[in-house]
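Let's take a walk through this fold together, with the coordinates open beside the text.

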Amino acid sequence: MAVWQYLLIVVPEDSIDSNYECIFKNNKTKFLPETDSFWKNFYGDIPSIISKLDHIIPKANWGNETYLIWKGDSNKEEDNDACICLSDDKTKIESFQFRIDLRKASNITEVLKAILNLCKKNKLILIDLKGEIFQPNLEDIFKSIKASNATRFLNDPIQFFEDLSKNSSDETRT
């Protein structure tokens, strides 16, 4: 993940209950928590979701039939990407996440808004790296974007790395 990317995890809205925080609080790994349990009762139109993403971000030339990857052009400061992992039989989503390149305003005004609209249509919500839940509205997640490491880096890269070296033992995901 590039330091200028802002990551959001996507899950079905009706799968969230009061215990969702446990996936973040109990995650002792350096990796994102597993979200496949959130997708067990999702019966949305998976081919349509995939097709819509194909129109938002170009499909990458890697991945496979169950590990779908989209990747923008980082040379044009469009380093947006998305990933959907499907079950072996391709009938269920096991995870869905995307990252937005914050270096260019059009990534937010076009790419992020398009993904948020896709989420709204499919009754999906977003979780940031701190475990905060957001409706798929730019206004709802803007505070999280502004507080993210990506924004902190873009605002003052030197200070960001100085702070990072001071706090290397207190690693935070934002």
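## Starting from one asparagine

A polar atom in the side chain of Asn122 lies 2.8 Å from the backbone oxygen of Leu118. That is a polar contact, here a pair of N or O atoms within 3.5 Å; within protein, one must be able to donate a hydrogen and the other to accept it, and residues adjacent in sequence count only if both atoms are side-chain atoms. The model is predicted, so local features need pLDDT of at least 70 and side-chain atom pairs count only at pLDDT 80 or more, while totals for chains, interfaces and linings use all residues. Residues are numbered from 1 along each chain as its sequence is written, and side-chain values use heavy atoms, with hydrogens and water left out.

Asn122 is found in the loop between H3 and S5. Helices (H or I, at least four residues) and strands (E, at least two) are DSSP runs, numbered from the N terminus. Is Asn122 buried or exposed? Its relative accessibility is 17%, so Asn122 counts as buried; the cut-offs are under 20% relative accessible area for buried, over 50% for exposed, and partly exposed in between, with a 1.4 Å probe and protein chains only. If neighbours within four places in sequence are set aside, Asn122 is in contact with Phe42 and Ile49, where contact means heavy atoms within 4.5 Å.

Now let's step back to the whole chain. The protein has 6 helices and 6 strands, and along the sequence they follow the pattern β-α-α-β-β-β-α-β-β-α-α-α. Of its 174 residues, 43% count as buried. Among contacts with a separation of 6 or more, 57% come from residues 24 or more positions apart.

The strands come next. Strands of a sheet pair through backbone hydrogen bonds, either parallel or antiparallel. Here, 6 strands form an open sheet in the order S2-S3-S4-S1-S5-S6, with antiparallel pairing; two strands pair if DSSP finds at least two bridges between them. The edge strands are S2 (67-71) and S6 (133-134), each of which pairs on one side only. Helix H3 (residues 105-121) packs on this sheet and touches S1, S4 and S5, and its direction makes about 160 degrees with that of S4. For such angles, axes are lines fitted to C-alpha atoms, for helices over the stretch in contact, and the angles run from 0 to 180 degrees between N-to-C directions. Helix H4 (residues 138-147) lies across S1, S5 and S6, running at about 140 degrees to S1.

Why is S1 described as largely enclosed by the rest of the structure? It is because 8 of its 8 residues are buried. Gln5, Leu7, Ile9 and Val11 point one way from the strand, Tyr6, Leu8, Val10 and Pro12 point the other way, and all are buried. S1 pairs with S4 (residues 93-101) in the antiparallel sense over 5 bridges, and with S5 (residues 124-127), also antiparallel, over 4 bridges. Ile9 has a bridge partner in each of them: Gln97 in S4 and Ile127 in S5. Further along the sheet, 2 bridges join S5 to S6, which run antiparallel, and the bridge partner of Leu126 in S6 is Phe134.

Arg99 is placed in strand S4. With 18% relative accessibility, Arg99 counts as buried. Which side chains does it meet? A polar contact of 2.6 Å joins the side chains of Arg99 and Asp81, and another of 3.4 Å joins those of Arg99 and Gln5. The structure holds 4 aromatic pairs; rings of Phe, Tyr and Trp (its six-membered ring) pair if their centres lie within 6.5 Å, and planes under 30 degrees apart count as stacked, over 60 as edge-to-face and the rest as tilted. One of the pairs is edge-to-face between Phe153 and Phe160, at 5.8 Å centre to centre with 80 degrees between the planes. Phe160 and Phe161 form an edge-to-face pair too, at 5.3 Å and 80 degrees. Phe153 counts as buried at 13% relative accessibility, Phe160 is buried at 6%, and Phe161 counts as partly exposed at 44%.
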